[in-house]
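Student: Please take one part of this model and walk me through it closely. Keep it brisk.

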Amino acid sequence: MSNPYEAACIAANLRPRRNIIDAYEQAVGMETGVELKCHGNQLAEGRMLDVDLKLLAEAMLQPHPFDRLEISYNELGSESGEALKNFLEADTRLRTLDLTCNELAPAPCCAILKGLEKNSALQELRLSGNTLGDEAGLQLAELLQVNDTLRQLHLANCGPQPC
């Protein structure tokens with residue numbers, strides 16, 4: 001039987017990434033405390049793109065054991081923001097999300113922050129090395145007024161030329 005990520009890839013007629021399948025399979029039966037790492041510099045198949053993250057976020061809408069998701073150093077674009085927004089609005093398990101150096105522009109950052117307005121689980125967000133801009137800065141200010149679970153926020157090098 002396939003895991004939710006593999007099933008989402010098959011339904012989309014795309015080849016799943018082996019390391020994500022392996023992480024899901026290793027986590028089977030675990031209640032919590034598991035980290036899913038998709039570090040772009042360490043993926044054998046290359047960096048994740050929007051399509052990869054969209055499938056992963058869709059899969060994680062199903063019950064999952066992960067409390068930390070690291071998807072740093074990838075090449076994520078505008079579609080990633082909306083996929084993460086939808087995931088974050090519904091997720092109740094993830095405690096840490098690491099999006100360090102993903103080449104995210106202000107619009108996807110805004111979407112991610114918007115998704116956190118309804119999230120009551122995430123405690124740590126790492127957005128360092130992405131371009132937030134004024135729009136995402138304002139969205140962050142709004143988020144901090146309504147989200148009382150976010151405890152750590154990493155925003156180093158979020159100016160016009162990150163990583």
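Tutor: Asp-52 lies in helix H3. Helices are DSSP runs (H or I, at least four residues) and strands likewise (E, at least two), both numbered from the N terminus. The model is predicted: local features need pLDDT of at least 70, side-chain atom pairs count only at pLDDT 80 or more, and totals for chains, interfaces and linings use all residues. Residues are numbered from 1 along each chain as its sequence is written, and side-chain values use heavy atoms, leaving out hydrogens and water.

Is Asp-52 buried or exposed? Asp-52 is buried, because its relative accessible area is 11%; buried means under 20%, exposed over 50%, partly exposed in between (1.4 Å probe, protein chains only). Beyond neighbours within four places in sequence, Asp-52 contacts Arg-17 and Arg-47 (heavy atoms within 4.5 Å). Val-51 is at 39%, so it counts as partly exposed.

Now the core. The largest nonpolar core has 44 residues, and Leu-56 and Ile-71 have the most contacts inside it. Such a core joins buried Ala, Val, Leu, Ile, Met, Phe, Trp, Tyr and Cys residues through side-chain atoms within 4.5 Å. H3 supplies at least two residues of this core, as do helix H2 (18-27) and strand S2 (66-70), among others. Leaving out residues up to four places away in sequence, Leu-56 touches partners including Tyr-5, Tyr-24, Leu-69 and Ile-71. Tyr-24 is itself buried, as is Phe-66.
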